[in-house]
Each structure stands twice: as structure tokens, then as C-alpha cells.
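Trainee: I have a model to go through before group meeting. Can you help me read it?

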Amino acid sequence: MGSDHRRYMECPDPRHSRMKAALDLAVDALAAYRLTRLVTRDQITQPWRDRIEARSVEVIASPTEAMGDLRDVWPWAFLRGLTDCMWCSGTWCAFGVRLLPRWMRRSLAVAALVGLISERE
């Protein structure tokens with residue numbers, strides 16, 4: 001049985017490689033969606049987003065103390081943008097997904113599908 005699987009994966013038929021590429025793209029897209037949702041919307045990361053927002057407001061609101069060096073301001077503005085904007089965060093999550101091992105990308109994709117299906121019930 002294991003050898004059949006390997007033969008399929010090594011099959012020179014271009015249709016199989018296109019199908020595998022399409023499946024990989026779908027898995028990566030779902031994994032990136034799940035990560036993006038985790039960063040920007042999920043309740044479990046809300047305390048983290050609240051701390052980032054509070055710190056960015058504090059740094060930006062006190063220009064005499066914090067604005068002396070822009071290195072103190074931009075990281076907080078950047079992080080706040082990532083946690084507020086699904087498009088911004090999604091771009092970085094899509095890049096990051098490609099660095100994850102395949103098993104983790106598949107797990108995130110399954111978690112995305114489970115979440116999307118459960119929202120329909």
C-alpha cells in the first residue's frame with residue numbers, strides 16, 4: 001500500500017502534478033485564513049490585541065516622551081495595523097504559512113474548515 005502512494009506521488013503525468021499544486025494552494029489558503037483570523041478576530045487572542053492597542057495609543061499619544069525616537073513608535077503602529085486589518089495580517093500570514101511544516105499547514109486548514117462549517121450551523 002505504501003509503495004502505491006509513492007508511485008502516485010512520483011507519477012510523471014502532468015495532470016497529477018497540477019492537481020497536487022491546486023490542493024497545496026487550497027491547503028495553504030485555508031491555513032493562512034486560519035492564522036489571519038487567529039491574529040485579528042478570535043476571542044482567544046483578544047487580550048493580546050488589547051495590550052497592543054493600549055501600548056500603541058500610549059506611545060503615539062505622548063509625543064514628547066516617545067516620539068523622541070521613531071524606533072519606539074513604528075513597531076507599535078505596525079503591530080496595531082496587523083491586528084486591526086485582515087488584509088494586512090493576511091499578507092504576512094500567507095508568507096508565514098509557507099515556512100510551516102506540511103503537517104501544521106494541514107492542521108490549520110482543517111481547523112479553518114471546521115470553524116467555517118460550525119458557523120453555518
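Mentor: The axes are lines fitted to C-alpha atoms, for helices over the stretch in contact, with angles running from 0 to 180 degrees between N-to-C directions. This is a predicted model, in which local features need pLDDT of at least 70 and side-chain atom pairs count only at pLDDT 80 or more, while totals for chains, interfaces and linings use all residues. Residues are numbered from 1 along each chain as its sequence is written, and side-chain values use heavy atoms, with hydrogens and water left out.

Trainee: Fine. How many helices and strands does the chain have?

Mentor: There are 7 helices and 0 strands. Along the sequence the pattern reads α-α-α-α-α-α-α.

Trainee: And what share of the residues is buried?

Mentor: Of the 121 residues in the chain, 21% are buried. Buried means under 20% relative accessible area, exposed means over 50%, and partly exposed is in between, using a 1.4 Å probe and protein chains only.

Trainee: What about contacts between residues 24 or more positions apart?

Mentor: Those residues account for 63% of the contacts in the chain that have a separation of 6 or more. A contact means heavy atoms within 4.5 Å.

Trainee: Back to helix pairs. At what angle do α3 and α5 pack?

Mentor: Helix α3 (residues 46-61) and helix α5 (residues 74-84) pack at about 140°, and their axes are 9 Å apart. The two are therefore oblique to each other.

Trainee: Which residues meet there, α3 against α5?

Mentor: From α3, the list includes Trp48, Ile52, Ser56 and Val59, and from α5 it is Trp76, Leu79, Arg80 and Thr83. By class, the residues of this contact divide into 6 nonpolar, 2 polar and 4 charged. For those classes, Ala, Val, Leu, Ile, Met, Phe, Trp, Tyr, Cys and Pro count as nonpolar, Asp, Glu, Lys and Arg as charged, and the others, Gly among them, as polar.

Trainee: Is Trp48 buried or partly exposed?

Mentor: Trp48 is partly exposed, because its relative accessibility is 38%. Leaving aside neighbours within four places in sequence, Trp48 is in contact with Val39 and Thr83. Trp48 and Thr83 are 35 residues apart along the chain, and their C-alpha atoms are separated by 9.3 Å.

Trainee: And Val59, buried or exposed?

Mentor: Val59 has a relative accessible area of 2%, so it counts as buried. Its C-alpha atom is separated by 9.0 Å from that of Ala77, 18 residues apart along the chain.

Trainee: Next pair. How do the axes of α5 and α6 cross?

Mentor: They cross at roughly 100°, and the axes of α5 and helix α6 (residues 86-97) come within 5 Å. That makes α5 and α6 roughly perpendicular to each other. Phe78, Gly81, Leu82 and Asp84 in α5 meet Met86, Cys88, Ser89 and Trp92 in α6. This contact has 5 nonpolar, 2 polar and 1 charged residues.

Trainee: How far apart are the axes of α2 and α7?

Mentor: The axes are 7 Å apart, and α2 packs against helix α7 (residues 102-120) at about 70°. So α2 and α7 are roughly perpendicular to each other. The contact of α2 with α7 divides into 11 nonpolar, no polar and 9 charged residues.

Trainee: I also flagged Thr36. Which helix is it found in?

Mentor: Thr36 is in helix α2 (residues 14-40). With a relative accessible area of 5%, Thr36 is buried. Not counting residues up to four places away in sequence, Thr36 touches Arg41, Met86, Ser89, Gly90 and Cys93.

Trainee: New topic, cysteines. How many disulfides does the count come to?

Mentor: The count is 0 disulfides, taking a disulfide as a pair of cysteine sulfur atoms within 2.5 Å. Cys93 counts as buried because its relative accessibility is 11%. Cys88, at a relative accessible area of 37%, is partly exposed.

Technical notes
Helix = DSSP H or I, 4+ residues; strand = E, 2+ residues; numbered from the N terminus. Parallel < 35°, antiparallel > 145°, perpendicular 65-115°, else oblique.
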